[in-house]
Amino acid sequence: MGKPFWIKHAAQLVTLAYKSPGPRVKEAMSELAIIEDGSVWLEDGVIQAIGTTTELAIHYADRATEADVIDATGHLVTPGLVDPHTHLAFGGSREREFEMRLEGATYMDIMNAGGGIHATTRMTREATEDELVQQSVGRLDSFLAHGVTTVEGKSGYGLDLETELKQLRVMKRLQAEHPIDIVPTFMGAHAVPTEYKGHEEEYVDLIIKEMLPIVAREKLAQFNDVFCEVGVFTPEQSERILEAGKLYGLTPKIHADEIEPYQGAELAAKVGAISAEHLLKATDEGIQAMAEQGVIACLLPATALYLRETAARGRAMIDAGVPVAISTDCNPGSSPTTSMPLVMNLACISMRLTPAESLCAATYNAACAIQMEDKVGSLEVGKQADIVLWNVRNYQELQYLFGVNHVKCVWKKGTKVIG
């Protein structure tokens, strides 16, 4: 047994403990289960007890001298943040495209000219597995420094069997070598590769008949994602790919209604997707369908800001009963950031989430979007000791002081990794 840790005297201990399972909707997203003068006892990487400092002092009176004590006086303590949508493992960078957009080029203009996803695909194909691991470790270290202890990572910058598998194997290596938990998603349907232009159905068949069986056999992914968008994959093609993935045990996700309304939200509800991502252009009908089927809206306000687009209607989605999560969408083209604190700020500013809803969306609901809520996303007895100590006094201040990284200390499975 390892030495226990005792975090005590937190000004606010935000546990997000809740009486019902599953993602939170409407008013439940604001129920943070805050303990003032809060205290957590950690042992062997697991939360053993939570309560007020007085309660734990009494409970552990005969063991208090065994523990390493962390005095959290004047500080906020929360669960580790969860980022449920990243494109973690890729080669190269695309800073020139940032300048092109500022000069007037659109996302699809750049992509259709061979840039965008296609540019990163070329660089990822050229990179070795070791090179991708090295680049990705830097991103994971930055996530940790911003309070993120769990991420989802998508493939999708290979667009051929060999490179898609390489990306997924890189993430499997990183899961074993880095403190952060990485939940892998297969996204061979991120774009139609240039060599299949004009032969899109052949590429769809390649994904279904060759890629999905091998990904499933090697147990390299938990989810199957598709970019359902005008000029990428049609709703019909997307449905075929997602339904095929279900046959191999891969849970559907979908990049939906990002550039134009394209029935993506409706399709997410139809195929029983765990989440629909982006949703900038989601229709009222699509939002209602998601609410009825319990599809989580994974919203990406930093991407909208970076592309100078109007953010998704987060307020309307919550009011309609859609469970909402938020994410960085960390990727080289449309959101090259690892700052979930910034994303929480933007969720309040651009999507009108309250500070409480934003924190829920970045922790518990985000964990639900990658089926990790039984381990992470809230501070409860028996869960992993993934904890952040912040240089602010309360959760409102965390959202109020925007654009600043307030992380003081981070524990991952009970081990201090930052601070």
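This is a predicted model: local features need pLDDT of at least 70, side-chain atom pairs count only at pLDDT 80 or more; totals for chains, interfaces and linings use all residues.
Figure 1. The largest cavity has a volume of about 110 Å³. It's lined by 15 residues, and the ones closest to its centre are Tyr107, His190, Asp329, Asn331 and Ser334.

**Figure 2. What the cavity lining is made of.** Sort the lining of the largest cavity by residue type and you get 8 polar residues, 4 nonpolar and 3 charged. Asp329 and His190 are among the residues closest to the cavity centre.

**Figure 3. Helices H7 and H8 side by side.** Here we zoom in on H7, which covers residues 200-217, and H8, which covers residues 235-247. Their axes come within 10 Å and cross at roughly 5°. Angles under 35 degrees count as roughly parallel, so H7 and H8 are roughly parallel to each other.

**Figure 4. Who touches whom between H7 and H8.** On the H7 side, the contact is made by Glu200, Glu201, Val204, Asp205, Ile207, Ile208 and Leu212. H8 answers with Gln237, Arg240, Ile241, Ala244 and Gly245. Taken together, the residues of this contact split into 6 nonpolar, 4 charged and 2 polar.

Figure 5. The domain assignment gives domain 1 as 5-80 + 377-418 and domain 2 as 82-369. Their C-alpha centres sit 29 Å apart. For the contact, domain 1 brings 37 residues and domain 2 brings 37 residues.

Key: Residues are numbered from 1 along each chain as its sequence is written. Side-chain values use heavy atoms; hydrogens and water are left out. Axes are lines fitted to C-alpha atoms, for helices over the stretch in contact, and angles run from 0 to 180 degrees between N-to-C directions. Helices (H or I, at least four residues) and strands (E, at least two) are DSSP runs, numbered from the N terminus. Angles under 35 degrees count as roughly parallel, over 145 as roughly antiparallel, 65 to 115 as roughly perpendicular and the rest as oblique. Contact means heavy atoms within 4.5 Å. Ala, Val, Leu, Ile, Met, Phe, Trp, Tyr, Cys and Pro count as nonpolar, Asp, Glu, Lys and Arg as charged, and the others, Gly among them, as polar. On a 1 Å grid over the protein atoms alone, a cavity is a set of points where a 1.4 Å probe fits but cannot get out, and a pocket is an open set with protein on both sides within 12 Å along at least five of seven lines; lining residues have an atom within 4 Å of a point. Grid points are joined across faces, edges and corners, and a volume is the space filled by probe spheres set on the points. Domain bounds come from an automatic or database domain assignment.
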